[in-house]
Amino acid sequence: THTLRLILGDQLNADHSWFRQRDDGVLYLIAELHQETGYVRHHIQKVCAFFAAMKAFSETLSQDGHRVRYLTLDDTAGVDDLPALLQQQIDQTGALQLEYQRPDEYRLLAQLADMSLSVPSQPCDTEHFLLPFDEIDRHFQRDKAHRMETFYRKMRQRFDLLMEGNKPLGGKWNYDPLNRHALKPGDWDSIPQPLLFANPVDEIIDRLSRHRVDTIGTLSGPLLWPVNREQARQLLAHFCHHCLPGFGRFQDALTGQAPHRWSLFHARLSFALNTKLLHPMEVLDAAIRAFKQNDGIDLAQIEGFVRQILGWREYVRGIYWANMPGYETRNHFAAHRALPSWFWTGDTKMACLHHAISQSLEYAYAHHIQRLMVTGTFALLIGADPDEVDAWYLGIYIDAIEWVELPNTRGMSQYADGGLLASKPYAASGNYINKMSDYCQQCHYDVKAKTTENACPLNSLYWHFMDRHDRELARNPRIGMVYRSWDNQPQSQRDAVLARANWCLEHIDSL
Ligand code: FAD
Ligand code: SF4
């Protein structure tokens, strides 16, 4: 062996230029690491999905004639961390150099950049993202507020997607106003059945218990997430055919009435994308092809989807790298409250939160609006410590890797970056949930009430949040106007709302 090449768990890109040639002097190393199972408490399905996908990737590489060494948690139990493992493998193989793909997480990037091995090491690109790594600083500056829409338009032009010359297809860049529909009872039957796989993971689960890996969430039966390229492609085709026709329209919808169709019109492609089983351009191409071929997919649907992949996904990565390190400790509102204990059980009388959390524990998945406007908004309103909020999101979701989790959680949902990523905090009362969902009809609480014993907690917590931060938020052009309705209420009414919020905060574990 002259070269050892490290492949991390989220670097499963079979099209990487590394694999164009076979070389018997190159040994690929894929390893289940204790440091990766322990840096946060992960969902059991997340650990299983990563390990199963890593193993499948190593088998594919071997079948293609590459030399691969796959190490399980048993094999790596004696080594302290990744650098120690690399040195051990260099000693065992006599490799003269180490090559690795640049990690997408600052934590791992720093660890690999700072290690001192007995042989030289050389990073290269992962060849995954659409915006090249060394161009990030041309679009994103540290401590500067950016807007997704500006970045997205540049990306549309750069990649010539949904364009007519230099103009956006159909004349508009953004069709959001046509979307944002709630699901009505008549729509329930049109929600597609999710495509679920049945990957056996018993051996992995045995290993996790043997090594006492502490996890959250549940896994009953085989793993339903895609763990290889073939499954990832099937899921992409399923999305284009069944979900894309309603994607934009119902992107923000929430429902408790479709327990077996829990992902609604969403793609569930984030795990396959974030592990790099799928390339973002492959996903965009497939979706745009489906739009061109299928009359049932209108422009508002495809534009909404392209914006997520070409816009949001690349944008949050830019914000992450421009502001790391340091972004992970930002706490604009100086929030320090603990999350309620029911974030780990779903055991709350609040129907919206009960549904979002139980579903997350059951499937390691919640769609964007569940993450942003249900759990995220609740954490924001109560003033939850962003460290704790981050750890929860980073652990529970199948797709959670820091470069994408952190800006979404700390930035978008908690506004802890003070507006670098988003122009306003996503604060909302029960009214928003009532408009976008059917939860309130089944809820123990009354969404119309603010101060009574059974008043929806979000209503008073919303005003408590707005009142706590009134100096700053009253000046924000996107939300300042809501203070008019607050200021117009008699003092006694405002006091009653704040008293109800304080009661909720004091009894948060039993809400
Ligand atoms: P769809 O709704 O079908 O969207 C399609 C794809 O667009 C996704 O697969 C994803 O790749 C991309 N996308 C959409 N929105 C975003 C976004 N805001 N940022 C980045 N990519 C986006 N996404 C993660 O991949 N990992 C995370 O750890 C993560 N944490 C989040 C935490 C919070 C608080 C919030 C509000 C959002 C988070 N997101 C995260 C973004 C988004 O919610 C998920 O990408 C999405 O729900 C994944 O499900 P899907 O594949 O069905 O997405
Ligand atoms: Fe959620 Fe309030 Fe509606 Fe209950 S009433 S589901 S707590 S918004």
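In what order do the five strands form the open sheet? The model is predicted, and in it the order is 3-2-1-4-5, with parallel pairing. Select residues 67-71, which are strand 3, and then residues 121-124, which are strand 5. These are the edge strands, and each of them pairs on one side only. If the view is turned along the sheet, a twist can be followed that averages 25° from one strand to the next.

Next, select residues 26-31, which make up strand 2. Strand 2 runs parallel to strand 3, and five bridges join the two. To examine one position in this pair, show Leu 29 together with Arg 69 of strand 3, which stands opposite.

Now move to strand 1, residues 3-6. Which strands does strand 1 pair with? One partner is strand 2, paired in the parallel sense over four bridges. Another partner is strand 4, residues 97-101, which runs parallel to strand 1 and is joined to it by four bridges. Here, select Arg 5, whose bridge partner in strand 4 is Glu 99.

To finish, display the five strands together and trace the order 3-2-1-4-5 across the open sheet.

Notes
Residues are numbered from 1 along each chain as its sequence is written. Chains are lettered from A and ligands numbered from 1 in the order in which they are written. This is a predicted model: local features need pLDDT of at least 70, side-chain atom pairs count only at pLDDT 80 or more; totals for chains, interfaces and linings use all residues. Two strands pair if DSSP finds at least two bridges between them. Axes are lines fitted to C-alpha atoms, for helices over the stretch in contact, and angles run from 0 to 180 degrees between N-to-C directions.
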